[in-house]
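Student: Please show me how to read the features of a protein model, one at a time.

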Amino acid sequence: MLKRLFPIREGNFLALVRLTEGFEAELYLIPSTAWRDPVAPFSSPDYEGKKSMPEHGLSLSSASFERLQPYLFRNVLHGLLSGMWPET
């Protein structure tokens with residue numbers, strides 16, 4: 001996501017849907033604040049001196065989906081509805 005189009009701020013989320021043949025779709029809700037101090041699978045390159053625009057990245061692999069488990073929609077729904085998620 002381009003940083004200028006997806007700024008890090010409260011109330012800004014990435015909705016990610018994982019579609020795997022033979023399985024139910026998995027919905028992830030990731031707050032933009034996850035990119036504030038990015039740790040894999042999150043990244044936030046600026047590409048200074050290059051043609052590419054600064055972006056927030058997300059590496060998607062089997063291992064990274066395991067690290068994204070806290071962001072599964074079913075795991076955040078209660079906290080989201082109660083106003084207690086995401087923690088800042």
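Tutor: We can begin with Tyr47, which counts as partly exposed because its relative accessibility is 29%. Buried means under 20% relative accessible area, exposed means over 50%, and partly exposed lies in between (1.4 Å probe, protein chains only). Tyr47 is found in the loop between strand 3 and strand 4 (57–58). Helices (H or I, at least four residues) and strands (E, at least two) are DSSP runs, numbered from the N terminus. Phi of Tyr47 is near 55°, a positive value in a residue other than glycine.

Student: What should I know about the model itself?

Tutor: It is a predicted model: local features need pLDDT of at least 70, side-chain atom pairs count only at pLDDT 80 or more, and totals for chains, interfaces and linings use all residues. Residues are numbered from 1 along each chain as its sequence is written, and side-chain values use heavy atoms, with hydrogens and water left out.

Student: How do I read an aromatic pair?

Tutor: A pair of aromatic rings is described by the distance of the centres and the angle of the planes. Rings of Phe, Tyr and Trp (its six-membered ring) pair if their centres lie within 6.5 Å; planes under 30 degrees apart count as stacked, over 60 as edge-to-face and the rest as tilted. By this rule there are five aromatic pairs here. Phe6 lies in the segment before strand 1 (13–18) and Trp35 in the loop between strand 2 (26–31) and strand 3 (42–43), so the pair ties together parts that are 29 residues apart in sequence.

Student: Are Phe6 and Trp35 buried or exposed?

Tutor: Both Phe6 and Trp35 are buried. Now take Phe13 and Trp85: their ring centres are 5.7 Å apart and their planes at 20°, so this pair is stacked. Phe13 lies in strand 1 and Trp85 in the segment after helix 2 (73–82), so the pair ties together parts 72 residues apart in sequence.

Student: Which residues do ring pairs link into a cluster?

Tutor: Phe6, Trp35, Phe42 and Tyr71.

Student: And salt bridges?

Tutor: A salt bridge is a side-chain nitrogen of Lys or Arg within 4 Å of a carboxyl oxygen of Asp or Glu. The count comes to three salt bridges. Asp46 forms one with Lys3, the closest N and O atoms being 2.5 Å apart. Asp46 lies in the loop between strand 3 and strand 4 and Lys3 in the segment before strand 1, so this pair ties together parts that are 43 residues apart in sequence. Arg36 and Glu10 meet in a salt bridge too, at 3.8 Å, N to O. For Arg18 and Glu26 the N to O value is 3.5 Å.

Student: Where does Arg18 lie relative to Phe65?

Tutor: Arg18 lies over the face of Phe65, at 4.0 Å from the ring centre. The rule: NZ of Lys or CZ of Arg must be within 6 Å of the ring centre and within 35 degrees of the ring normal.
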